[in-house]
Amino acid sequence: MTKARSNLQIDSARLWGDIHETAKFGATPKGGVKRLTLGPEDKQVRDWFRTACEAAGCEVSVDALGTMFAIRPGRDMSKPPIGIGSHLDTQPTGGKYDGILGTLAALEVVRAINDAGIETEYPVCVCNWTNEEGSRYAPAMMASAAYAGDYTTDDILGRKDADGITVAEALDTIGYRGADAVGKQKFSAFVELHIEQGPLLEAENKTIGVVDRGQGIMWYNGSIAGFASHAGTTPMPLRKDALAAFSEVVLAVERIARDLGPNAVGTIGEIRIDNPSRNVIPGDLTFTVDIRSSESATLDQLHDALQRAVAEIIARRNVKITVEQIWRKEPTVFDTKLVDAVETATKEMGYSHRRITSGAGHDACNLAAVVPAAMIFVPCKDGVSHNELEDATQADCTAGANVLLHTVLLLAGVATESRADS
């Protein structure tokens, strides 16, 4: 690596400004962001992103699921590009950094390469993947999952949100149902920068997490059918209380994850009681389950233990419980050569680092099934994410973007460089 490139860094102030500029689209009173996928705020940030990418000399295309691809040409356009990026949608109580950091840092990498007058051998593609969060539509990471062949495009287009609006309708409403087939855009490799969304890097005072694995994920939809009756007149032994039975399911999920820990976690994130009333014993309700592990065998154990626990609750409570698995994503093992490239770039920049497993799912985890992929983590305050209090420092965001930049230079190669840039 030449001295000019070894000293090359992204424009920290420009990246930081973009992060806070885009946080205005869906800003919440508590300082977070509510930018649900394919909603009006998502259209606003997509329009901003398209304009910024085009200003950086990229050609932007959109596929049938709304994923955006911004190509910076390389010397050899016959080679598939090095893909970088993440997502722009958020949770209902999201923060300024989850996903957005990786997408905007990818844009900043292109700008930094432009500023340095570098021509890369491979093209570089900045990506914004549709519906990574999964808060409006299931499954999470749906566009990258379709790209990887886990779902058909028509399947995803037909998915509905809580109001019955399909993905196809939402895409058409904001004008982001593209003409390109899902999977048309090929990659030589894909690298995603993200906040850790956990506490390890901060606790160990490390700047960079070199991600070599990702946890597997199982999602379930559940329902309980009891019997609604008067809260004052129904004797306790005769009740079929769906909520009381549900409380045991909650505790069972927690117990199972703890018993199979530390390499397992489980959460029930949603519950909806049908026709709730203060003086009515809950008769019917629905809920969701999220269970994760970095080992496939542990996922099997978690699944079997959950089914046994539910069967026991049914027998004792005399209610009907269904727990249907709607999604299983196997644990990810990232490409060894790409992980090593991230670590090499980190060392060259002089940042403290450690190897780390991703507890959260990411688009890179889906892409790893069909293209060499890797990830870069930076710390977030107290490990908090999916929360308006989510926070990260400018220095750490800059460090992550610099590692992404130098990883791209390692992977894309430098055909020509016109000037030094410190």
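Two strands count as paired here if DSSP finds at least two bridges between them. With that in hand, welcome to a few close-ups of this predicted model.

View 1. Strand S13 covers residues 284-293, and strand S8 covers residues 216-225. The two run antiparallel and are joined by ten bridges.

**View 2. Strands S10 and S11 beside S13.** Here we stay with S13 and bring in two further partners. Strand S10, residues 265-267, pairs with S13 in the antiparallel sense through three bridges. Within this pairing, Val 265 stands opposite Arg 292. Strand S11, residues 271-273, also pairs with S13 in the antiparallel sense, again over three bridges. For this pairing, a handy landmark is Ile 271, whose bridge partner in S13 is Phe 287.

**View 3. Helix H4 from end to end.** How many residues does H4 have, and what distance does it reach from its first C-alpha to its last? There are 16 residues, and the reach is 22 Å, close to the 22 Å expected at 1.5 Å a residue. H4 is mostly covered, as 14 of its 16 residues are buried. Following the helix comes Gly 117, with a positive phi near 65 degrees.

**View 4. Where helix H2 crosses helix H4.** H2 spans residues 12-22 and H4 spans residues 100-115; their axes come within 10 Å and cross at roughly 140 degrees. The crossing of H2 past H4 is right-handed. On the H2 side, the contact is made by Arg 14, Leu 15, Asp 18, Ile 19 and Thr 22. These meet a set of H4 residues that includes Leu 101, Leu 104, Glu 108, Arg 111 and Asp 115. By type, the residues of this contact divide into eight nonpolar, one polar and five charged.

**View 5. Gly 350 in its loop.** Gly 350 lies in the loop between helix H11 (336-349) and strand S16 (353-358). Is Gly 350 buried or exposed? It is exposed, because its relative accessible area is 62% and exposed means over 50%. For a sense of distance, Gly 350 and Leu 200 are 150 residues apart in sequence and 19 Å apart in space, C-alpha to C-alpha.

Conventions. Residues are numbered from 1 along each chain as its sequence is written. This is a predicted model: local features need pLDDT of at least 70, side-chain atom pairs count only at pLDDT 80 or more; totals for chains, interfaces and linings use all residues. Side-chain values use heavy atoms; hydrogens and water are left out. Helices (H or I, at least four residues) and strands (E, at least two) are DSSP runs, numbered from the N terminus. Buried means under 20% relative accessible area, exposed over 50%, partly exposed in between (1.4 Å probe, protein chains only). Axes are lines fitted to C-alpha atoms, for helices over the stretch in contact, and angles run from 0 to 180 degrees between N-to-C directions. A crossing is left-handed if the near helix is turned anticlockwise from the far one by less than a right angle, and right-handed if clockwise. Contact means heavy atoms within 4.5 Å. Ala, Val, Leu, Ile, Met, Phe, Trp, Tyr, Cys and Pro count as nonpolar, Asp, Glu, Lys and Arg as charged, and the others, Gly among them, as polar. The expected span of a helix is 1.5 Å times one less than its number of residues.
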